[in-house]
Number of protein chains: 2
Amino acid sequence: MQLATSPFHHTVVVGAGAVGGFYGGMLVRAGHRVTLIARPLHVAAIARDGLQLDLAHASGVEAVALQASSDLSVLRDADLVLFCVKSTDTESLAKQMAPFLAPHAVVMSLQNGVENAADIAAHIAHAVIPAVVYVATEMPAPGYIKHHGRGDLVIGTMPLSRLQDPHHTLQQLVELFATAQVPVQISPDVMSELWFKLLINCVFNAISGLSQMPYAKLAELDSVRVLQHAVVHEVVAVAKADGVQLSEQTALQSVAKIPITMAHQKSSTAQDMARRKPSEIDHLNGFIVRRGQALGVATPVNQSLYALVKLVESGYSPDA
Amino acid sequence: MQLATSPFHHTVVVGAGAVGGFYGGMLVRAGHRVTLIARPLHVAAIARDGLQLDLAHASGVEAVALQASSDLSVLRDADLVLFCVKSTDTESLAKQMAPFLAPHAVVMSLQNGVENAADIAAHIAHAVIPAVVYVATEMPAPGYIKHHGRGDLVIGTMPLSRLQDPHHTLQQLVELFATAQVPVQISPDVMSELWFKLLINCVFNAISGLSQMPYAKLAELDSVRVLQHAVVHEVVAVAKADGVQLSEQTALQSVAKIPITMAHQKSSTAQDMARRKPSEIDHLNGFIVRRGQALGVATPVNQSLYALVKLVESGYSPDA
């Protein structure tokens, strides 16, 4: 069931972890052609059993048959690239994928942090569309995607977009994902949306990671609330110095809701730390520290969280 | 070999953990009469095998025969009490010991934090002598004291001391411990010494605890150094507001030395957290936060460390 109306005939997911696997799987379920680029371990599991999609609100696990490869040359045939690697791998993979991209290909960055779209664009000549990803998903085993909720995206154009007709392309993406029951909203100011998500990540990821605690536990202690509010305050100040207006009040409201709506979830940083894998902390609290330094804004609390996560990570063996 | 010259005929150690066990053991080795008050598990081990003293710079483990009890009534016969419980237990044990203390008994507080001597004194009518403890020791098994180094004490009088002749009593204590090869220095300003040790604890304990890293690892990361210097700065500011002059420069020099002199050590907070036991954080960074609030001094970095340790501890089961 290839949908003839979509201009996107082949979507390639670069970095098919919990996020990339989810969106790739959703598109395949809707009849689209998708190839996942993933590590050999995942490719082998997907080749054998299909992608196991354990969707929230669904009963049971669905095996989705799709192509998977560890070879970036499959990008030659892609007209849409979902770029879903960890921020730590952005530069390296953007460079590696550059020689294979077809001239008309559109790249979407489905990543945390506010720098990724620009970092990708620095290595390719193509349009890069930043997406803010709102999904709770994890990959507890190779080829197995456990989805806890949501899945919606917010997209828009980055400053100096290379799109000929931005609205048209964004609308095509909305329609593509709509066929897969993935709500996509177009934002006139997607960078602010990315900053807002970054703020939320800065408030929850390191704390959940260092304590290995789910979000509901964080809300039980006044001292943790004080810590989180200090993070909000610092991120809002850095954003403002960077020309991005974030509402501290709105942020505090969101921060208060997450321990209720995602009570039993731990952060992606917590998942990384539990597996002794490097986290994205350099692109979360670490980014705030760097931007704060560049812009003359003090960020002692973000710096503390950053330092503690880096210290824990300094104990991981290099081949972990 | 009871030394007739000492006015202290029976020393009772309240809270015979790694610190209390060490000093009690050292006094017994020198021929003094000592009773340890400890939990039944430790009392049973000591009754069976003696106190196992594994001293730094000694070859092998020495078994020291001494009395041990879980019954506070042995305090009736004590003329010197070494009060060595965790700061979290100070109030409770001071209250419990009050009815048993002989009128002439002298109490020494060998504890972390700057509040303990006053907290003890609030519940008894006796003189309390604060001691700053410089020893690296741990208790890896019941009745087994592993000593890594040092052991010297700094003592002095707290404000509003109840000693009739403070210099005389302090000098008697110096002489008592001298017989046991424990160097004791009398300080005219022991509260500043306690504050200085508190500062060092605030800089190292929580960070080593949250990361489970030894001190040498902390010195490898610039971001951790920034974090530690922020802690120093805040503690010096709170101390100053509290009327205690600490030299930030001297503090930074001490902070720089510890990863060299105690490279492989982890903090007592790290040991507590590894065993999922409540730490003294309320009396370390938590105290700085409370004093800072009372005195109008901002302590965001101490607050962050405090909140993170409390969050981890909130996951311990109550009977751990």
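Guide: A residue counts as buried when its relative accessible area is under 20%, as exposed when that area is over 50%, and as partly exposed in between. Please keep in mind throughout that this is a predicted model.

Visitor: How would I apply that cut-off to D272(A), and is it buried or exposed?

Guide: D272(A) has a relative accessibility of 9%, and because this falls under 20%, D272(A) counts as buried. Its partner in a salt bridge is K86(A), with the closest N and O atoms 3.3 Å apart. This pair joins distant parts of the chain, since K86(A) sits in the loop between β6 (80–83) and α3 (90–97) of chain A while D272(A) belongs to helix α10 of chain A, 186 residues apart. K86(A), at 23% relative accessibility, counts as partly exposed.

Visitor: Which residue forms a salt bridge with R290(B)?

Guide: R290(B) pairs with E115(B), and the closest N and O atoms are 3.5 Å apart. R290(B) lies in helix α11 (residues 285–295) of chain B and E115(B) in the loop between β7 and α4 of chain B, so the pair ties together parts that are 175 residues apart in sequence. R290(B) is partly exposed, with a relative accessible area of 36%, and E115(B) is partly exposed as well, at 23%. In chain A, R290(A) lies in helix α11 and touches E115(A) and D282(A), leaving out residues up to four places away in sequence.

Visitor: What surrounds a charged residue that is buried yet has no salt bridge, such as K197(B)?

Guide: K197(B) is placed in helix α6 (residues 190–211) of chain B, and the nearest side chain of opposite charge, that of E280(B), is 7.8 Å away. A polar atom of the K197(B) side chain does lie 2.6 Å from the backbone oxygen of V133(B). Beyond four places in sequence, K197(B) touches N112(B), V132(B), V133(B) and Y134(B). N112(B) is itself buried, with a relative accessible area of 13%, and is found in the loop between β7 (106–110) and α4 (116–121) of chain B. The side chain of N112(B) makes a polar contact with the side chain of E280(B), at 3.2 Å.

Visitor: How should I read a phi angle, and what is the phi of H57(A)?

Guide: H57(A) is not a glycine, although its phi is positive, at about 65 degrees. H57(A) lies in the loop between β3 (51–54) and β4 (62–64) of chain A, where it is exposed, with a relative accessible area of 85%. R276(A) also has a positive phi, near 55 degrees, and is placed in the loop between α10 (268–274) and α11 (285–295) of chain A. R276(A) is partly exposed, with a relative accessible area of 42%.

Visitor: How do I read the contact between the chains, and how many residues does it take from chain A and from chain B?

Guide: The contact takes 24 residues from chain A and 24 residues from chain B. Together the two chains bury about 2,000 Å², with 78% of this on carbon and sulfur atoms. S223(A), L308(A) and L311(A) supply 26% of the area that chain A buries against chain B, more than any other three residues. Between the chains there are zero salt bridges and four residue pairs in polar contact. The elements giving two or more residues to the side of chain A that touches chain B are α6 (190–211), α7 (215–218), α8 (222–241) and α12 (300–313) of chain A. Of these, α12(A) gives the most, with eleven residues.

Technical notes. Residues are numbered from 1 along each chain as its sequence is written. Chains are lettered from A and ligands numbered from 1 in the order in which they are written. This is a predicted model: local features need pLDDT of at least 70, side-chain atom pairs count only at pLDDT 80 or more; totals for chains, interfaces and linings use all residues. Side-chain values use heavy atoms; hydrogens and water are left out. Helices (H or I, at least four residues) and strands (E, at least two) are DSSP runs, numbered from the N terminus. Buried means under 20% relative accessible area, exposed over 50%, partly exposed in between (1.4 Å probe, protein chains only). Lys and Arg count as positive and Asp and Glu as negative; His and the chain ends are not counted. A salt bridge is a side-chain nitrogen of Lys or Arg within 4 Å of a carboxyl oxygen of Asp or Glu. A polar contact is a pair of N or O atoms within 3.5 Å; within protein, one must be able to donate a hydrogen and the other to accept it, and residues adjacent in sequence count only if both atoms are side-chain atoms. Contact means heavy atoms within 4.5 Å. Buried area is the accessible area (1.4 Å probe) that two parts lose on being put together, summed over both.
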